[in-house]
Amino acid sequence: VAIGYYFVLSGLIFCIGLTGVLLRRNAIVLFMCIELMLNSVNLTLAAAARMWAGPDGHVFVFFVIVVAAAEVVIGLALIVNLFFRRGTVDVDVPQLLRY
Amino acid sequence: VELLLAVEQGAVHANEVVTTSTGVIGLAWLIPVVPLLGFLVVLATTRTLRERTAFIAIGASAIALLLSVLVTVQVVGSPATYVRPMPTWLDVGGFTVTFDLFIDQLTAVMLLVVTGVGFLVHVYSIGYMHGDPRYGRFFAYLNLFLASMLILVLGANLLTLFLGWELVGLSSYLLIGFWFEKAEYASAAKKAFITNRVGDVSFMIAMFLAFATFGTLDFLDLIENAPALASGTAFVLVLLLLGGAAAKSAQIPLYVWLPDAMAGPTPVSALIHAATMVTAGVYLTVRMSPILVQSLDAMVIIAWIGALTAILAALIAVRQDDVKKILAYSTVSQLGYMFIGVGVGAFREGIFHLVTHAFFKGLLFLAAGSVMHAMANRTDLWGMGGLRKVMPITFWTSVAGWLAISGVFPFAGFFSKDQILTEAYNHGFLAIWIVGLLGAVITAFYMSRWFFLIFLGERRFGDEIHPHESPASMTVPLIVLGVLSLTGGLLNPVHSGPLFNFLAPVVGPIEELAFEPAGALPEFALIGIAALAGLLGILLAYLAYVRRDVSQGRMVEPIRGPFAELAERKFFVDELYETVFTRAGGRFAEALVWFDTRVIDGAVNGAGALSMGVGRVGRRVQTGLVRGYVAGLVVGALVLVGVLLVQVR
């Protein structure tokens, strides 16, 4: 399989994720879309690592996975708290930090 | 051979410098310190001791006088420039100023005049100030003045001199405004202080220039290095010093404060505004005479300022009706003669006139105070007359003062004024000589008018006033000064008399300037002309004010006309200054206020308003919608990617 296809695929996944983040209001869905975007990037990095036959891309992927894991913990905690306080997971509802 | 000759001539002039901390010179620091302590003690005890506190002040001035006499005996006995080392005042990066005392022949003369007249005025004030609610404070201020003036005279560098210079200004301010309940008197004090500040600025710049040029302010170094001075620097330096001197010594254009300073008690007028403080400018210029002689142009300016001041003030004095105002303008005029002396290179004659003037003008002021004391503080000449019989001592001492200032032989003023004018002639200043002679006629005229209207003729006041001779504390100083006014000429009766030779080592080398006489008139002719000028003035005044008195019975001012009117209004100089400086200054201040409130405050407030406005618009971005922020992020990322792409291509 040519390397270009990997990039196209990851680009598509990224755009799907991005669209989801912009359009959806459910925090869980939003969160999953962010994961989608992160993993599309991971795919790109892994593909590129293969292309140049070096370890750099793989190292980056591991970092992203570790950071994403930490981010999941904080993000889910936020969402749970939001649900307990407001009874909703709609991201448009909490608007305290505005002018 | 020529070099040897020059060295020999220099040796005649140069004083040996003796640095000593022993003997009489070692004690000289007490001369200013004792009156300073007197000032503090009198202030502290004025409530408990009441009027007895005066004796502390008088004691302090007597000790200062005694020490001054001892110092003078030392300087006369073994002439030299004595330097008494004292603690350091400032030591900043190579700039060192000490409180060292500088005692030479000129210092000795000044010390005697200041402490002598100072002591007499202290004694006189016992009677004059009796019953005043602030009696003690008056004596404290007198002591403060004495200490300040002595610091001025004794300082060994320009900065110490300036310290005394400012302190006498302060004492003068405090004493002019002594009766500050009257708003007029308080503002006279302010006028004196502010006018002097103008001169002080000039003096300070002079010090900066002196320091930049010489790297020191010590008199010894200044005098030693003066001959190496560039003529342009010397010219500027002398003019700046003149600016300071003109304010303190009431010369054109800064003389306007002195007549108003008559608001102070009369002993103050005698001591500060006639005999001592106002001569500080003359002292300064003579002290700096080695620098003066480096710039003949500047000296000519000094001479002309003196001449114009002498004639202008004399003209104004002719039409004043206040016994003290006449004397005030007369003082301005006589100080003008001293400046003529300095300007034409007659430094020693200028100092001689300073001394005799201290005698006769101090006397005249004290006599005026005695008259006011007798006349229930009235000062109008036209409300007096015939006081000759009721106040014999004041009358006879006034005769001495009047004849001395009019320049009648053998009174003191005759010698000193004549010698200044003779020198002006011999040094080629013909126009100044003529102006000076004219001034001498007018001086004799207005002083005779003063004298005749007070003491001669019929009494022109009502029965409610009972004039009487003053107490002994006032008449004794009058008698002492009267005798000095009569005999003061003996200090220097001929042109190179004792005082002249005594002062020779301390003045600048005027013979280097090679003056040419203005004409061929011999010395005795010059003396004769000067003597006639005085007599002419007296004769004119006699015809105008004594003869008419007899014939008309009623006294009116016989000299009228537009010019007399102009003199009466003091040539509108005060009004001119009011318009040019006070009003214009006010306008300038208003413009600055406008600039401050509009431009400066505007800039500050504008900066605040700007950030408020930006915030008001900018906070719209904060919507609180997470997805909005994400959208912004995406747009930003796209822009960055776009920029990168463009750059790569």
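Guide: Sorted by class, the lining of the largest cavity holds 4 nonpolar, 4 polar and 2 charged residues; here Ala, Val, Leu, Ile, Met, Phe, Trp, Tyr, Cys and Pro count as nonpolar, Asp, Glu, Lys and Arg as charged, and the others, Gly among them, as polar. Among those lining residues are B:Ser406, B:Phe414, B:Lys417, B:Asp418 and B:Ala530. At least two residues each come from α19 (412-426) and α23 (523-552) of chain B, and α19(B) gives the most, with 5 residues. Helices are DSSP runs (H or I, at least four residues), numbered from the N terminus.

The space in this cavity is about 60 Å³. On a 1 Å grid over the protein atoms alone, a cavity is a set of points where a 1.4 Å probe fits but cannot get out, a pocket is an open set with protein on both sides within 12 Å along at least five of seven lines, and lining residues have an atom within 4 Å of a point. Grid points are joined across faces, edges and corners, and a volume is the space filled by probe spheres set on the points.

Please keep in mind that this is a predicted model, where local features need pLDDT of at least 70, side-chain atom pairs count only at pLDDT 80 or more, and totals for chains, interfaces and linings use all residues. Residues are numbered from 1 along each chain as its sequence is written, chains are lettered from A and ligands numbered from 1 in the order in which they are written, and side-chain values use heavy atoms, with hydrogens and water left out.

The whole structure has 4 cavities of 30 Å³ or more.

Now for the open space: the largest pocket has a volume of about 950 Å³. Of its 31 lining residues, A:Leu30, A:Ile34, A:Val91, B:Val626 and B:Val630 are the closest to its centre. The lining divides into 24 nonpolar, 4 polar and 3 charged residues.

Finally, the chains themselves: 13 residues from chain A and 12 residues from chain B take part in the contact (heavy atoms within 4.5 Å). There is 1 salt bridge between them (a side-chain nitrogen of Lys or Arg within 4 Å of a carboxyl oxygen of Asp or Glu), and it joins A:Asp92 to B:Arg627 at 2.7 Å, N to O.
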